[in-house]
Amino acid sequence: MILQCSHISKSFDGSTILDDISFHINEQEKTAIVGINGSGKSTLLKILMNEYEADTGEVIIQKDAVIGYLAQNQDITSGRSILEEMQDAKKEVIILEQEINEVTEQMNHVSGEELEKLIKRSDSLRHRFELCGGYTYHSELIGVLKGLGFTEEEFDKPVSALSGGERTRVALGKMLLSSPDLIILDEPTNHLDMKAIHWLETYLSGYRGAVIIVAHDRYFLDKIVTKVIEIRQHKATVYQGNYSQFSEKKQAMLDTQMKHYMNQQAQIKHQEAVIAKLKSFNREKSIKRAESREKQLNKIERLEKPVEENTRMNLLFSPRIQSGNDVLSVEHLSKRFDSEILFTDISFEIKRGERVAIIGDNGSGKTTILKIINDIIKADSGTIRLGTNVEIGYYDQAHQVLHSEKTIFEELQDDYPSMTNTEIRNILAAFLFTEDDVFKQISKLSGGERGRVSLAKLMLSDANLLILDEPTNHLDIDSKEILERAVNHFEGTVLYVSHDRYFINRTATRILDLTQKQLVNYIGNYDYYIEKKEANEQAQLASPSPVSDSAFSASSTDSKLTWQQQKEEQARLRKKQNALKKVETKISELETKNELLDTQLSDPKNGTDIALLQKLASEKEANDERLLLLMDEWEQLADD
């Protein structure tokens with residue numbers, strides 16, 4: 001065990017953040033700490049690093065253990081180059097290398113006994129150099145730099161000239177090269193593109209030390225961690241497995257807790273009805289029996305109703321009208337900025353009901369494509385055609401569609417003047433803006449808050465083609481899952497840019513990979529894309545041959561899929577969506593029935609009708625059991 005966190009509690013200004021948190025980290029264990037925004041994840045990391053002092057409890061770290069910590073934002077002030085800054089992590093090895101070179105030079109000018117001494121010293125230095133990884137440190141350093149997205153041309157760039165994200169990458173690289181016994185990372189993927197994230201996944205998965213990660217990137221967590229610690233309502237719960245396994249176990253636990261709670265409530269209501277009936281007889285014997293039952297009822301340990309934190313958005317996209325089957329056609333599109341060519345002669349089509357993700361390296365032009373479609377910037381060449389009845393709703397990652405001088409309330413009121421003040425407040429409450437929050441100025445909002453305002457406006461747009469640019473940025477995991485469900489249940493068409501691979505995997509029916517200034521088409525989700533891309537790369541290595549231009553046309557078929565296979569895949573996806581909708585309808589119907597049963601069970605008029613109460617309670621219990629089965633069926637369909 002390299003770290004133990006024992007009964008940690010922390011409050012700020014009388015508000016509890018962490019309450020009696022306990023867990024341990026074993027050597028070589030990879031652990032995620034998850035929770036909604038504001039749950040105290042970063043606070044916990046700072047307590048582990050002794051930046052904050054806990055109110056109670058203690059953190060025990062293995063003696064002589066070296067810890068590497070990467071906070072969310074790094075402010076490296078250095079006049080050195082990127083390469084020189086990274087070399088700082090290998091200072092001991094570099095000093096040894098310099099000593100070896102000095103001794104070697106001295107050996108060229110001496111002889112006899114003095115030479116023998118220098119030879120012994122050289123052997124000792126080389127042995128230490130080898131133990132420190134001296135013969136591989138340079139290639140390791142270059143590998144880390146390139147893995148994190150720096151090109152050789154950038155190695156000599158001064159750190160002082162870097163952006164905040166680039167400085168964070170330098171700090172991450174330095175920490176990895178120092179090979180600590182425990183790595184603690186707070187949102188390490190925020191400033192990395194997909195290639196760099198994939199590289200970091202591979203690096204951390206094979207890392208010999210222990211790792212603690214706070215991240216919203218669920219795909220990243222799935223690939224690395226073997227344990228998840230959830231901070232929820234100030235408490236910590238430990239789950240074994242990766243993020244997906246944690247999510248399943250958590251939902252199963254909540255479902256079980258809710259079932260036990262509902263069963264107990266039915267039993268309590270039944271007993272209360274019997275007691276009331278016995279008392280109504282107004283006879284000594286029946287009153288005694290009622291009192292006896294009351295004593296037994298009071299001894300029952302009442303279960304608390306499982307509740308989610310009040311931080312869940314209510315998000316539902318509903319198109320006003322249905323578009324035609326041909327939604328969007330892009331032909332021969334090209335764009336360059338000054339001397340930099342982003343893409344040339346790209347073409348693709350989108351049909352109604354598709355959910356298409358555009359992926360690619362940072363700066364490759366993904367957002368530019370969306371802006372051209374939305375007529376925000378002009379293409380150098382090419383045409384954009386919208387289909388019949390297509391109405392676009394656009395989510396801009398920079399939220400430039402919002403007006404910084406307006407309040408949240410004014411932002412909705414001005415765009416939707418027919419809505420009443422109450423209707424606007426209800427919509428904003430669904431996006432977690434209540435009371436005086438609605439009068440906050442847009443310019444004063446955090447990134448997550450601006451994202452929620454943009455999503456509220458998008459929901460009200462009633463569009464049938466959603467164009468989303470990095471929609472999961474600044475959202476916590478719960479909000480991302482809500483957005484996923486809203487996108488998957490949307491009856492229109494979706495085109496989006498995202499680096500959130502878990503989101504892509506859950507929502508995309510097709511992927512357009514913007515690479516080498518062209519688009520490559522993949523029919524399927526992110527897992528399918530990775531599988532096909534790796535297979536294609538291996539095939540090209542095995543039998544290298546020129547790739548024709550048609551292979552890069554997104555309107556052509558996938559290299560391994562015929563048109564018929566694409567149609568079959570799309571039919572399978574439609575069948576799956578229909579099955580999901582049927583199950584959801586049944587769930588909704590049962591929940592409505594349960595609400596009516598609750599009303600009848602709590603109606604004083606029925607309080608004396610024991611037979612009716614028993615019947616209602618039995619019917620509700622049967623509904624609850626059916627609901628659990630339907631939810632299992634829904635999960636299986638959703639994961640298929």
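Trainee: In which sense do strand 10 and strand 11 pair, and over how many bridges?

Mentor: Strands of a sheet pair through backbone hydrogen bonds, either parallel or antiparallel. In this predicted model, strand 10 (residues 326-337) and strand 11 (residues 340-351) pair in the antiparallel sense, with eight bridges between them. Another is Leu328, which stands opposite Ile350 in strand 11.

Trainee: How many residues lie between strand 10 and strand 11 in the hairpin?

Mentor: Two residues separate strand 10 from strand 11 in this hairpin. In the turn, Asp338 has a positive phi of about 55°.

Trainee: Which residue in strand 13 is the bridge partner of Leu328?

Mentor: The partner of Leu328 in strand 13 is Leu386. Strand 13 covers residues 381-386 and pairs with strand 10 in the antiparallel sense over five bridges. The three strands form an open sheet in the order 11-10-13, with antiparallel pairing. Strand 11 and strand 13 are at the edges with a single partner strand each, so one side of each has no neighbour in the sheet. On average, neighbouring strands of this sheet are turned by 10° against each other, direction ignored.

Trainee: Which strands does helix 11 lie across?

Mentor: Helix 11 (residues 366-373) lies across strand 10, strand 11 and strand 13. Against strand 11, helix 11 runs at about 60°.

Trainee: In what order do the six strands of the open sheet with mixed pairing come?

Mentor: The order is 14-15-16-12-17-18. The edge strands are strand 14 (392-395) and strand 18 (518-523), and each pairs on one side only. Neighbouring strands here are turned by 15° against each other on average, direction ignored. For a pair inside this order, take strand 12 (residues 355-360) and strand 17 (residues 510-515), which pair in the parallel sense over five bridges. There, Ala357 has Ile511 in strand 17 as its bridge partner.

Trainee: How do I read two helices side by side?

Mentor: Two packed helices are described by the angle between their axes and the distance between the axes. Here, the axes of helix 12 (residues 408-415) and helix 14 (residues 447-460) come within 11 Å and cross at roughly 20°. That angle makes helix 12 roughly parallel to helix 14. The crossing of helix 12 past helix 14 is right-handed.

Trainee: Which residues of helix 12 and helix 14 meet?

Mentor: From helix 12, Ile408, Glu411, Leu412 and Asp415 meet Val453, Lys457 and Leu460 of helix 14. Sorted by class, this contact has four nonpolar, no polar and three charged residues.

Trainee: Where in the protein chain is confidence lowest, and where is it highest?

Mentor: Start with the whole chain: the mean pLDDT is 84, and 92% of the residues reach 70 or more. Confidence is lowest in helix 18 (residues 563-601), at a mean of 74, and highest in strand 16 (residues 493-497), at 94. Over residues 546-563 the pLDDT is below 50. Beyond near neighbours in sequence, that stretch has 35 contacts in the model.

Terms used
Residues are numbered from 1 along each chain as its sequence is written. This is a predicted model: local features need pLDDT of at least 70, side-chain atom pairs count only at pLDDT 80 or more; totals for chains, interfaces and linings use all residues. Side-chain values use heavy atoms; hydrogens and water are left out. Axes are lines fitted to C-alpha atoms, for helices over the stretch in contact, and angles run from 0 to 180 degrees between N-to-C directions. Helices (H or I, at least four residues) and strands (E, at least two) are DSSP runs, numbered from the N terminus. Angles under 35 degrees count as roughly parallel, over 145 as roughly antiparallel, 65 to 115 as roughly perpendicular and the rest as oblique. A crossing is left-handed if the near helix is turned anticlockwise from the far one by less than a right angle, and right-handed if clockwise. Contact means heavy atoms within 4.5 Å. Ala, Val, Leu, Ile, Met, Phe, Trp, Tyr, Cys and Pro count as nonpolar, Asp, Glu, Lys and Arg as charged, and the others, Gly among them, as polar. Two strands pair if DSSP finds at least two bridges between them. pLDDT is the predictor's confidence in each residue, from 0 to 100.
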